[in-house]
Amino acid sequence: MQNIESITLESWPVSNDETTPDKAIYHFAVKQIGVNLDFHLEQFFRDRQLSFHYFETFEELVSICHRFQVNAIFIAGRSNFMKEIEIVRSIKDNILLSIIPVILYHPDPDPNVLVAAYENGAEDFIYGEWIDKLVQVRINRAMERSRRDLAVNPSTMLPGPSIIEREINRQLQLGERFAICYADLDNFKAYNDYYGYVYGDKVIRLTGRILRDIVFDLCPEGFVGHIAGDDFICVVPANLVDVVCRWIIRCFDTFVQYRYEPEDRERGYIETKNRRGQIERYPLLSISIAVIINDNGQFKHIGELSKMLADLKKATKARPGSNYMFERRKKY
């Protein structure tokens, strides 16, 4: 388990007098042989901070995508490209990696390779005469289409509702024992009203980063999705759910306090209007996690899980502070 202080440096709090917007960071996973695609990318995206993560095998790529919010995967070379097409197929078969746009480059590909690349899910294949501005536009458009079409949450870059449903249904069809964790923030609306939506969005991004890092550090085969707002879903092996939830709570409680001004943090609460327009005290943000374990094919479809998770979430949020709670009842 990595040190919790290294989890989310990019989400570290800033003072109120900071007016300069954060410089956007692009994380690119790159496999290149005999070409220097990274050099061209540096020229294209001079207004952004780029972080290149190089890989050779699909396994290395998976590890990179678990650790970073990869914006695009680039595969470039001059070979016959058949191994590269196999990697594209593996990417699109992986529930996490499938949401990341894949862009290929070959100076003179065989037509069959070109067809195979698109058939296996590549978002774009750049070849022929290299025109810098045109290539830059095509790369930008591929990433924009991915964000729009694949239901990725723009704040956390985590899979959205449609992909969450697909992953849970996949797990149900496998019939194996697994746990679904529904994570939700307590007192988030009050925090958002008090500090403003910009700081509220930073908390959402912090939460997504914590969930992503904890789940993929402890169980690389796990899944993390962002339903909307401050609601998240994790799918993990049942035998790891306790340690996953404990680490999520530990990390969240450690970091979220620094999303408050010192006087609010020391006082332990904020004061703002509630839904009735009355001034009310709200404790520091905490996280509630409702957990359902699918034992022996107990659940057959996602609808059976959804209602129980919603009810369990209410019970979990009724407890003060950060908690996780298991569903002990039989299904409805």
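1. Over the ring of which residue does the charged end of R267 sit? The ring is that of Y269, and the charged end of R267 lies 5.1 Å from its centre. Please keep in mind throughout that this is a predicted model.

2. The aromatic pairs come to 14 by the rule used here. One of them joins F125 and Y127 in an edge-to-face arrangement, with 6.2 Å from centre to centre and 80° between the planes. F125 counts as buried because its relative accessibility is 0%, under the 20% cut-off. Y127, at 41% relative accessibility, counts as partly exposed.

3. Y191 and Y195 form a tilted aromatic pair: the centres are 4.8 Å apart and the planes are at 35°. The two residues are four apart in helix α7 (residues 188-195), so about one helical turn separates them. Both Y191 and Y195 are buried.

4. Which residues do ring pairs link into a cluster? The cluster consists of Y26, F28, F45, F52, Y54 and F74.

5. E84 deserves a separate point. This residue lies in helix α3, which covers residues 82-93. E84 is buried yet has no salt bridge. Leaving aside neighbours within four places in sequence, E84 is in contact with K31, I33, I75 and S79.

Notes: Residues numbered from 1 in each chain as written. Predicted model: local features only at pLDDT ≥ 70, side-chain atom pairs only at ≥ 80, totals over all residues. Heavy atoms only, no water. Buried < 20%, exposed > 50% of the residue type's maximum accessible area, 1.4 Å probe, protein only. Lys, Arg positive; Asp, Glu negative; His and termini not counted. Salt bridge = Lys/Arg side-chain N within 4 Å of Asp/Glu carboxyl O. Contact = heavy atoms within 4.5 Å. Phe/Tyr/Trp six-rings, centres within 6.5 Å; stacked < 30°, edge-to-face > 60°. Lys NZ or Arg CZ within 6 Å of the ring centre and 35° of its normal.
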